[in-house]
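Dear colleague,

I am passing on a structure that you have not worked with before, and the notes that follow describe what was found in it. Please keep it open beside you as you read.

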Amino acid sequence: MSVVDARIARRPDAPGLFAALAPMDGVTDWVYRDLLTRMHGGDSGISLCVSEFVRVTRSVVVPKVILRHCPEVETGGRTAAGVPVFVQILGGQPEPMAGTAIRCVEMGAPGIDINFGCPSKTVNGSDGGATILQCPQRLEAITAAVRRAVPESIPVTVKIRLGWENAEHVEDIVRSIEQGGATWLTIHGRTRMQGYRPPVDWSSIGRAREAVRIPVVANGDLNTVADVEACRRVSGCTAFMIGRGSMGRPRLFRQLRGHRDPELDAAWLCARLREYVRSILATGGSEGVALGRSKQWLRLAAPASPIYEGLFTALKRSKELSTFLAGLTPPGMPEPPTQFVAQAP
Ligand SMILES: Cc1cc2nc3c(=O)[nH]c(=O)nc-3n(C[C@H](O)[C@H](O)[C@H](O)COP(=O)(O)O)c2cc1C
């Protein structure tokens, strides 16, 4: 087995449940990935992680930037608990995208994910993310360039939305990505114009799934076991990616596998947030970064429970990390014990 083969990640169409942790810029950094995948002694239920996006403009991205987004490339492309982490790249030019993909793989990435879903005005305005969905030929050209650049055994996956304005052309979009040689596809069931507004459209993910032979991973508003079951029924997908739902319910990945963990546990979540802060500081992050990222975690967890909502409302204006941490205790509960600091990969 070659070094590259040893890195191979589980495919979404392999037997059993595939449940990936979604990339979320500004919060699912390596510390978050480490914390979540180490839960329950490494039996977290998470099949795969994807890094926050690495922005590719005119030239190949330098190793320092790749390492900042995905330090796991130095530890076999896996988190400490052994879950593979694909490096996500975002850009509109085939050549620097391909060059960056090669560099990521040479540095140790077990897979490359291409972001054609980012709705940010700044990113779209500089020819990246969801803007490329408007031109299927470009989706194909960029995917094909990245696919050709990296060894065949390394998956090249693509993450998209249903379309720019509406979901009418989703079949053309996914066929062009399949034609470009993607190994599998993840679809967030919203359009670019929709942003994050409801409703999520799992049935158009189903139409897309039927239009291609490559596996399709469903994504969007999968916040509970019941949501995943409903999405499976509506879309026909058997592989899922979960983002915001992981913030309030990090045990969702295990619950999907039949574990009877408590649905919500505020003391436990506060302990995870404290660990998150400590680990960011212990590995050179500033107090400002730790404060910003942990507020973002709490903001995204808030819809899961009135307790988290209350904590977020109370703490969202904290200007100092110490104030934030002092308030991070659910009502009526003693400060939870804290146990470990994440190991820098
Ligand atoms: C704060 C935030 C940051 C995100 N950053 C990324 C990113 O870097 N790359 C990406 O492909 N998607 C990104 N997404 C989109 C998510 O991966 C996911 O597709 C979306 O949140 C829908 O899934 P969910 O309902 O499970 O959260 C981001 C979403 C949020 C809320």
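Gln255 is buried, as its relative accessible area is 9%, where buried stands for under 20% relative accessible area, exposed for over 50%, and partly exposed for what lies in between, with a 1.4 Å probe and protein chains only. Gln255 belongs to helix α10, which covers residues 252–255; helices here are DSSP runs of H or I with at least four residues, strands are runs of E with at least two, and both are numbered from the N terminus. Apart from neighbours within four places in sequence, Gln255 is in contact with Val225, Asp261, Pro262 and Glu263, contact being heavy atoms within 4.5 Å.

Before going further, please note that this is a predicted model, in which local features need pLDDT of at least 70 and side-chain atom pairs count only at pLDDT 80 or more, while totals for chains, interfaces and linings use all residues. Residues are numbered from 1 along each chain as its sequence is written, and side-chain values use heavy atoms, with hydrogens and water left out.

As for the whole protein, it has 14 helices and nine strands, and its C-alpha trace spans about 55 × 40 × 40 Å along the principal axes. Of the 345 residues, 58% count as buried, and among contacts with a separation of 6 or more, 73% are between residues 24 or more positions apart. The accessible surface comes to about 14,300 Å², with 52% of it belonging to carbon and sulfur atoms, as computed by the Shrake-Rupley method with a 1.4 Å probe, where for residues only the protein chains shown count as cover.

Helix α6, residues 170–179, is mostly covered, since seven of its ten residues are buried. These buried residues are Val170, Glu171, Ile173, Val174, Ser176, Ile177 and Glu178, and what covers them includes the strands β5 (112–116), β6 (156–161) and β7 (184–188), together with the helices α5 (136–149) and α7 (202–211). Just after α6, Gly181 takes a positive phi of about 100°.

Ala101, which has its place in helix α3 (residues 94–107), counts as buried because its relative accessibility is 0%. Leaving aside neighbours within four places in sequence, Ala101 is in contact with Ile89, Ile112, Val146 and Val150, and its C-alpha atom is separated by 8.4 Å from that of Val87, 14 residues apart along the chain. Pro15, by contrast, lies in the segment before β1 (18–21) and is exposed, with a relative accessible area of 77%.

Finally, the cysteines: with a disulfide taken as a pair of cysteine sulfur atoms within 2.5 Å, the count comes to zero disulfides. Cys70 is in no disulfide, and the nearest cysteine sulfur, that of Cys104, is 7.9 Å away. Cys70 counts as buried at 0% relative accessibility, and Cys270 is buried as well, with a relative accessible area of 1%.

With kind regards
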